[in-house]
Amino acid sequence: DIHHSGQHLLELINDILDVSAIEADGLELYEENFSLKNVVDASIRMVSPQATIAQVSVASAVDTGTPQIRADERRVKQILLNLLGNAVKFTPQGGAISVNSHLNDDGSLAITVADSGIGMNDEDVALAMSTFGQVDSGLDRRHDGAGLGLPLTNGLMELHGGTLDVKSEKGHGTLVTVTFPKERVVQSDG
């Protein structure tokens with residue numbers, strides 16, 4: 001219990017520091033080209049224990065043909081872990097979560113995390129996007145949280161010149177799309 005509490009406190013402090021650094025324009029990105037598929041797969045492996053306990057399936061349809069992106073790999077993994085963690089947290093037993101990616105017509109690259117969870121109405125989405133905002137769902141007390149996941153994810157996407165979009169319907173799940181601008185999509189030489 002002491003170890004778990006200490007770990008949770010450390011994660012909370014790190015999230016608060018990250019949000020503060022973003023707000024103060026003090027967070028620096030360490031950019032490199034990397035495989036999005038590899039980061040998605042690693043992120044899914046990291047949330048698999050929680051998904052197993054929650055009895056929720058998590059699958060990826062991101063394939064090896066997905067272009068590389070130029071970004072901060074650690075921060076992109078943090079984005080995916082926040083989105084996947086929320087999806088696991090708010091998807092009841094027997095539910096499903098999927099990760100997909102696609103190139104948009106304008107050359108930008110979108111990553112979607114969809115779940116069959118409890119969903120939110122427009123007011124809940126606005127609350128979830130606010131710093132320390134927590135939606136009272138009845139399910140959210142299964143896991144610890146401080147209401148920093150979506151605001152931090154949004155800030156990290158903005159640092160990358162990208163966007164975060166949440167579409168949700170109460171009782172019908174949530175679809176979160178993060179989009180990296182075409183300047184971050186590594187063009188193949190083919």
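This is a predicted model: local features need pLDDT of at least 70, side-chain atom pairs count only at pLDDT 80 or more; totals for chains, interfaces and linings use all residues.
**Around Ala110**
- Ala110 sits in strand β5.
- Skip the neighbours within four places in sequence, and Ala110 touches Asn100, Ser101, His102, Asn104, Thr177, Val178 and Thr179.
- From Ala110 to Leu164 you count 54 residues in sequence, while their C-alpha atoms are 9.6 Å apart in space.

**The sheet**
- Five strands make an open sheet with mixed pairing, in the order β2-β4-β5-β7-β6.
- Its edges are β2 (57-60) and β6 (163-168), each pairing on one side only.
- On average, neighbouring strands here are turned by 15° against each other, if you ignore direction.
- Strands β6 and β7 (residues 174-180) run antiparallel and are joined by 6 bridges.
- Lys167 has Leu175 in β7 as its bridge partner.

**Helices on the sheet**
- Helix α2 (residues 36-54) packs on the sheet and touches β2, β4 (96-103) and β5 (109-115).
- The direction of α2 makes about 175° with that of β2.
- Helix α3 (residues 73-89) lies across β2, β4, β5 and β7, and runs at about 20° to β5.

Methods:
Residues are numbered from 1 along each chain as its sequence is written. Side-chain values use heavy atoms; hydrogens and water are left out. Two strands pair if DSSP finds at least two bridges between them. Helices (H or I, at least four residues) and strands (E, at least two) are DSSP runs, numbered from the N terminus. Axes are lines fitted to C-alpha atoms, for helices over the stretch in contact, and angles run from 0 to 180 degrees between N-to-C directions. Contact means heavy atoms within 4.5 Å.
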